[in-house]
Amino acid sequence: MKFHVVDASLTKFYLTNDDILHYNLAVKISVRNGNKLEGISYPRIRSNPSCYGKDLPWVPLPSFRQGTKNTTMLYSVFQGKTSFKLRGSNLKDINNDQRDGSYSISLYLYITTQLKFAGGGKSVLRDFVVNCGLFRLHLLGSSSSNNQTGSGGLFKTKRCENHPRDQTYDDTFY
């Protein structure tokens with residue numbers, strides 16, 4: 001399984017004086033099955049952005065099955081407002097970024113998979129955390145929006161890392 005963030009855009013992102021974050025983030029994720037197995041099933045999957053030491057509300061994604069050597073595109077949209085009380089360096093960072101119009105955002109996927117074998121058998125369900133790391137996004141429409149992680153306004157594809165879920169990750173979804 002290979003995961004890549006192939007596009008992302010930020011159309012709203014600001015923190016009010018009463019600690020409410022207003023946001024609108026869209027992310028496009030490529031999921032590639034390069035295995036020689038019959039396929040992979042993804043019965044549970046959620047997408048969770050994080051920024052400035054805080055998680056934004058997660059979004060469930062539809063379950064799907066993938067055949068051999070197949071690519072599936074997933075789309076996550078995170079929008080709304082949430083309580084977002086920041087202190088110390090995190091508050092300083094977001095204030096600097098609001099002036100600049102460019103924000104640091106991390107993305108995690110929490111997935112459950114099941115492999116399908118040629119003889120019809122299936123594996124047990126396995127949980128993974130997919131870490132897409134930290135990327136910078138410019139607020140679209142800002143004076144600095146000509147550079148969205150890559151150059152010339154183009155998003156630079158970001159490779160994600162897969163990790164089997166262990167006790168160090170949040171398991172409230174499962």
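This report describes the fold, the model confidence and selected side-chain pairs of a predicted protein model.

## Overall architecture

The protein chain contains one helix and 11 strands, and along the sequence these elements follow the pattern β-β-β-β-β-β-β-α-β-β-β-β. Of the contacts in the protein chain that join residues at least 6 apart in sequence, 71% are between residues at least 24 apart.

Of the 174 residues of the protein chain, 40% count as buried. The accessible surface of the chain comes to about 9,300 Å², and carbon and sulfur atoms account for 47% of this area.

## Confidence of the model

The mean pLDDT of the protein chain is 85, and 87% of the residues score at least 70. Among the elements of the chain, strand E5 (residues 59-61) has the highest mean pLDDT, at 96, while helix H1 (residues 88-100) has the lowest, at 89.

Two stretches call for caution when the model is read. Over residues 143-152 the pLDDT stays under 50, although the model has 29 contacts beyond four places in sequence for this stretch. Over residues 167-171 the pLDDT is likewise below 50, and this stretch has seven contacts in the model beyond near neighbours in sequence.

## Salt bridges

The model has four salt bridges. In one of them the side chains of Asp19 and Lys85 meet at 2.9 Å, N to O; Asp19 belongs to the loop between strand E1 (2-15) and strand E2 (20-33), whereas Lys85 belongs to the loop between strand E7 (70-83) and H1, and the two residues are 66 residues apart. Asp19 counts as buried, with a relative accessibility of 18%, whereas Lys85, at 42%, counts as partly exposed.

Another salt bridge joins the side chains of Asp97 and Arg136 at 3.3 Å, N to O, and here the partners are 39 residues apart, with Asp97 in helix H1 and Arg136 in strand E9 (residues 126-138). Asp97 is buried at 10% relative accessibility, while Arg136 is partly exposed at 31%. The side chain of Arg136 also meets that of Asp100 in a salt bridge, at 3.5 Å, N to O. Because Asp100 lies in helix H1 and Arg136 in strand E9, this pair ties together parts that are 36 residues apart in sequence. Through shared partners, salt bridges join Asp97, Asp100 and Arg136 into one network; within it, Asp100 is partly exposed, with a relative accessible area of 39%.

## Aromatic pairs

The model has four aromatic pairs. The rings of Phe13 and Tyr52 have centres 6.5 Å apart and planes at 40 degrees, so this pair is tilted. Since Phe13 lies in strand E1 and Tyr52 in the loop between strand E3 (39-51) and strand E4 (54-55), the pair ties together parts that are 39 residues apart in sequence.

Phe135 and Phe155 form an edge-to-face pair, with 5.8 Å from centre to centre and 90 degrees between the planes. Phe135 lies in strand E9 and Phe155 in the loop between E9 and strand E10 (158-159), 20 residues apart. Phe135 is buried, with a relative accessible area of 3%, and Phe155 also counts as buried, at 12% relative accessibility.

## Arg46 over aromatic rings

Arg46 is placed over the rings of two residues. Its charged end sits over the ring of Trp58, 5.2 Å from the ring centre, and Arg46 also lies over the face of Tyr110, at 4.0 Å from the ring centre.

Definitions and conventions. Residues are numbered from 1 along each chain as its sequence is written. This is a predicted model: local features need pLDDT of at least 70, side-chain atom pairs count only at pLDDT 80 or more; totals for chains, interfaces and linings use all residues. Side-chain values use heavy atoms; hydrogens and water are left out. Helices (H or I, at least four residues) and strands (E, at least two) are DSSP runs, numbered from the N terminus. Buried means under 20% relative accessible area, exposed over 50%, partly exposed in between (1.4 Å probe, protein chains only). Contact means heavy atoms within 4.5 Å. Accessible areas come from the Shrake-Rupley method with a 1.4 Å probe; for residues, only the protein chains shown count as cover. pLDDT is the predictor's confidence in each residue, from 0 to 100. Rings of Phe, Tyr and Trp (its six-membered ring) pair if their centres lie within 6.5 Å; planes under 30 degrees apart count as stacked, over 60 as edge-to-face and the rest as tilted. A charge sits over a ring if NZ of Lys or CZ of Arg is within 6 Å of the ring centre and within 35 degrees of the ring normal.
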